[in-house]
Amino acid sequence: MGRQREFDPEDAIAQAVNVFWERGYTEASVQDLCKSMDINPGSLYATFGAKQDVFRAAIKHYLSVVTHEGIGRLGSADSGLEGVKAYFDYIVEGILTGKRCNGCFGTNSFMEVSETDPEIKALMTEHFRLLENAFDQALQRDGFSETQGKASFLGCVAQGLNVLARTEPERATLERIVSNALLVLK
C-alpha cells in the first residue's frame, strides 16, 4: 500500500507559480520546483506529471486568481469607468509593491511558450478575451460608444504595463500611461 500524500497539491502549485514566474518555463528546473513545493521528484511526477503538466497547472491556478482579483474589479465598481480605473490601479500597485515585479506570469508564459504549447496559447487567448469582454461590459455600462475597439485598446495597455513592470518603472510613469489611456475613452 502506497504512502499517503503529505502535502496540499493546491499549495504546492501556488509555490510552483512563483518559480515559473521568476525563472520562466525554460529556466525552471524540476529541482527548483521540488524545493519550492517542498516535495520530492517522485511526489511531483506522481501527483502532477511532467514539468510541462506542473506548468499548465500553475498557469491555470494563476489565471483563476488573476481573473478573480483583477477582472472582478471591472464589474464590482459603481460605474464602468471606476471599474477600469480600479483595474489599472490594481496593476500599478502590483508593479510598485513587487507583486508583479517580474511582469505578469500569464503574459510572460504566453510570450515564452505559446508557439510550442497550444494548450497554453489557448488558455492565454481565452484569458485575453475575458479581459477584453470585461472592459467592453464596463464601458457599455457607462454608455460609451465603440466599446469593442476601446476594450481591445485597454487590453493592450494592460499587457504593455505587465511587460513594462520588468523595467522597475516609477509610479509617475505608470500613472501617466494609465491617465493617457483613460483619455482615449472620452
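Tutor: The lining of the largest cavity is formed by V66, Y87, I91, R100, C104, T107, M124, H127, F128, L131, Q159 and N162. Two or more of these lining residues come from each of α5 (80-97), α7 (118-141) and α8 (147-164), and α7 contributes the most, with four residues. Helices here are DSSP runs of H or I with at least four residues, numbered from the N terminus. This is a predicted model, in which local features need pLDDT of at least 70 and side-chain atom pairs count only at pLDDT 80 or more, while totals for chains, interfaces and linings use all residues. Residues are numbered from 1 along each chain as its sequence is written, and side-chain values use heavy atoms, with hydrogens and water left out.

A cavity is a set of points on a 1 Å grid, over the protein atoms alone, where a 1.4 Å probe fits but cannot get out; lining residues have an atom within 4 Å of a point. By class, seven nonpolar, four polar and one charged residues make up its lining. In this scheme Ala, Val, Leu, Ile, Met, Phe, Trp, Tyr, Cys and Pro are nonpolar, Asp, Glu, Lys and Arg are charged, and the others, Gly among them, are polar.

The axes of α6 (residues 105-113) and α7 come within 10 Å and cross at roughly 140°, with axes fitted to C-alpha atoms over the stretch in contact and angles running from 0 to 180 degrees between N-to-C directions. The two helices, α6 and α7, are therefore oblique to each other, a class left over once angles under 35 degrees (roughly parallel), over 145 (roughly antiparallel) and 65 to 115 (roughly perpendicular) are set aside. Contact, meaning heavy atoms within 4.5 Å, is made by G106, T107, S109, F110 and V113 of α6 and by I120, K121, M124, T125 and F128 of α7. This contact of α6 with α7 comprises five nonpolar, four polar and one charged residues.

Terms used:
On a 1 Å grid over the protein atoms alone, a cavity is a set of points where a 1.4 Å probe fits but cannot get out, and a pocket is an open set with protein on both sides within 12 Å along at least five of seven lines; lining residues have an atom within 4 Å of a point.
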